[in-house]
Amino acid sequence: MSAMKIKKGDTVKVIAGKDKGKEGKVLAVNVKDNTVVVENVNMVTKHTKPSAANQNGGIVNKEAALHISNVMLMVGGKTTRVGFKMDGDKKVRVAKATGEVIDK
């Protein structure tokens, strides 16, 4: 399996779907399904049963997963594709638009 180009904590912009144009921070990445959960993007209404964590239950708004192909990494306020290169013996992510190293 290849390395993921988007990681938890990255800032991304949605490039397709109902939330196209929105930006947010990646909260979770699911490598198996190639999906990401982005803060305040793709909000869905979920009906929950009462449980130990949530005594009353009810209707909750939360973020749903997006396919990773529908988001693009933001570096320096600009969207960019991501490449990889070897920095010594370490593999690092590189912004294709600027050529700068994303991982320090």
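Q: Where does UniProt place the feature "domain: KOW"?

A: The record, an unreviewed entry, puts "domain: KOW" at residues 5-32; UniProt positions follow the numbering used here, feature names are shortened, and annotations may be inferred rather than shown by experiment. Over residues 5-32 the chain is 0% helix and 43% strand, and the end C-alpha atoms lie 14 Å apart. Please keep in mind that this is a predicted model, where local features need pLDDT of at least 70 and side-chain atom pairs count only at pLDDT 80 or more, while totals for chains, interfaces and linings use all residues. Residues are numbered from 1 along each chain as its sequence is written, and side-chain values use heavy atoms, with hydrogens and water left out.

Q: How many helices and strands are there in the protein chain?

A: Elements here are DSSP runs numbered from the N terminus: helices are H or I with at least four residues, strands E with at least two. The protein chain has zero helices and ten strands, so from the N terminus the order reads β-β-β-β-β-β-β-β-β-β.

Q: What radius of gyration does the protein chain have?

A: The radius is taken over C-alpha atoms, and the globule rule is 2.2 Å times the number of residues to the power 0.38. A compact globule of 104 residues would come out near 13 Å, but the protein chain has 17 Å. Its C-alpha atoms fill a box of roughly 55 × 30 × 20 Å along the principal axes. Of the 104 residues, 28% count as buried (buried is under 20% relative accessible area, exposed over 50%, partly exposed in between, with a 1.4 Å probe and protein chains only).

Q: How many residues lie between β9 and β10 in their hairpin?

A: Two residues separate β9 and β10, and G88 in the turn has a positive phi of about 75°.

Q: How many salt bridges does the rule count?

A: Side chains of opposite charge can pair when their charged atoms come close. The rule asks for a side-chain nitrogen of Lys or Arg within 4 Å of a carboxyl oxygen of Asp or Glu, and the count comes to two. In one of them, R93 pairs with D10, the closest N and O atoms being 2.7 Å apart. R93 lies in strand β10 and D10 in the segment before β1 (11-14), so the pair ties together parts that are 83 residues apart in sequence. Another salt bridge joins the side chains of D19 and K22 at 3.3 Å, N to O.

Note on methods:
Two strands pair if DSSP finds at least two bridges between them.
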